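Here is a short briefing for a first look at this structure. Keep the sequence and the 3D view at hand while reading.

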Amino acid sequence: MDSDKGRLTRDGIRIYEPSDHAGMHVAGKVAATILDDIAPHVFPGQTTAEIDRLITEMVTAHGSTSATIGYKGYEHASCISVNHVVCHGIPGEKMLKDGDILNIDVTVIVDGWFGDTSRMYVAGKLSRKAERLIQVTHDSLMKGIEAARPGNTFGDIGAAIQSYVESHRMSVVRDFCGHGLGRVFHAPPNVLHYGRPGTGPVLEEGMFFTIEPMVNLGRPETKVLADDWTAVTRDKSLSAQFEHSIGITAGGADIFTLSPAGKFHPTY
Ligand code: MF3
Ligand code: CO
Ligand code: CO
């Protein structure tokens, strides 16, 4: 129906057209390809600044634009969050050490559409406990995506993630959430990674949003450092995150940021 074009739900969530999936797939694929291609550049001795420099080049090489450079004063094409950094780690000159785990988060704009995705990498040898954390975090995202279908609620997504994570005696970060996106970077709703089944807005076909659970080995509390960006676990425990951008269809979730190389997890 024409009058439905660009419709917002009562919760302020935009309903996109079926034809809008094409633009999201293009943007999502560029972001995912960059995450594929950066994998060989993660190793002990490498700096996160160099990784970000390579990502900046790749963003340009794809004819895309970085959504994060200039966003609220952020100056980089990626967030790189090492070990106990939960999210929004700022690339810098510190070298990666053997066994460090890191999330690399990239958001690009192609033809006005936003593709936002992140995954975990390791420099050198992966420890058993980090491997467990990364596996549970990845699988919790997939549990959330499985719950993302018309008629379910956002609370169902959060509950699926939280119950899975807590069944493995890990904790879900409460202080950061996923978000609507599409022709904008961050839009309603806040996609919580915890919650109660049947609560929150009902999912409808045409909703586009991210799911991006952050999972800690220790307690869920975080704090933001004096740089006003870097979020860390208060108890210094290891943290991991994976992120996909998805669209809701009649059949469930259409994942815009699948890895063309099949590397989403493991990336290494
Ligand atoms: N990509 C992040 C997200 O998943 C946002 C990063 S904003 C930045 O929403 F400014 F820190 F880059
Ligand atoms: Co996001
Ligand atoms: Co992101």
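The donors of the cobalt ion (ligand 3) are spaced D-x10-D-x126-E along the chain. Donors here are N, O and S atoms within 2.8 Å of the metal (3.2 Å for Na, K and Ca); water is not among the atoms, so sites may look incomplete. This is a predicted model: local features need pLDDT of at least 70, side-chain atom pairs count only at pLDDT 80 or more, and totals for chains, interfaces and linings use all residues. Residues are numbered from 1 along each chain as its sequence is written, chains are lettered from A and ligands numbered from 1 in the order in which they are written, and side-chain values use heavy atoms, with hydrogens and water left out.

**Cobalt ion (ligand 3)**

- Its protein donors are Asp105 (OD), Asp105 (OD), Asp116 (OD) and Glu243 (OE), at 2.0 to 2.3 Å.
- The arrangement is irregular because the 6 donor atoms subtend angles of 58 to 168 degrees.
- The cobalt ion (ligand 3) lies 3.3 Å from the cobalt ion (ligand 2), and Asp116 coordinates both.
- Asp105 in strand E4 (residues 101–110) and Asp116 in strand E5 (residues 113–122) are 11 residues apart, so the pair links distant parts of the chain.
- Strands (E, at least two residues) and helices (H or I, at least four) are DSSP runs, numbered from the N terminus.

**Cobalt ion (ligand 2)**

- Asp116 (OD), His179 (NE2), Glu212 (OE) and Glu243 (OE) are its protein donors, at 2.0 to 2.2 Å.
- Along the chain, their spacing is D-x62-H-x32-E-x30-E.
- Glu212 sits in the loop between strand E9 (208–211) and strand E10 (214–216), and Glu243 in the loop between strand E13 (239–241) and strand E14 (244–249).
- Glu212 and Glu243 are 31 residues apart, and both are buried.

**Ligand 1**

- Ligand 1 is surrounded by 14 residues, each with a heavy atom within 4 Å.
- The closest are Asp105, His179, His186, Glu212 and Glu243.
- Polar side-chain atoms approach oxygen atoms of ligand 1 at 3.0 Å from His179 and 2.8 Å from His186.
- In the side chain of Glu212, an N or O atom is 2.8 Å from an oxygen atom of ligand 1.
- Alone, ligand 1 exposes 340 Å², and the protein buries 96% of that (Shrake-Rupley areas, 1.4 Å probe; for residues, only the protein chains shown count as cover).

**Strands**

- E14 has 5 of its 6 residues buried, so the rest of the structure largely encloses it.
- E9 and E14 pair antiparallel over 4 bridges; two strands pair if DSSP finds at least two bridges between them.
- Phe208 stands opposite Gly247 in E14.
- E14 also pairs antiparallel with strand E15 (residues 252–255), over 4 bridges.
- E14 and E15 form a hairpin with 2 residues between them.
- Ile246 has Ile255 in E15 as its bridge partner.
- An open sheet of 3 strands runs in the order E6-E10-E13, with antiparallel pairing.

Technical notes. Four donors count as tetrahedral if all angles lie between 85 and 135 degrees; four count as square planar and six as octahedral if opposite donors are over 155 degrees apart and all others between 65 and 115; anything else is irregular. A polar contact is a pair of N or O atoms within 3.5 Å; within protein, one must be able to donate a hydrogen and the other to accept it, and residues adjacent in sequence count only if both atoms are side-chain atoms. Buried means under 20% relative accessible area, exposed over 50%, partly exposed in between (1.4 Å probe, protein chains only).
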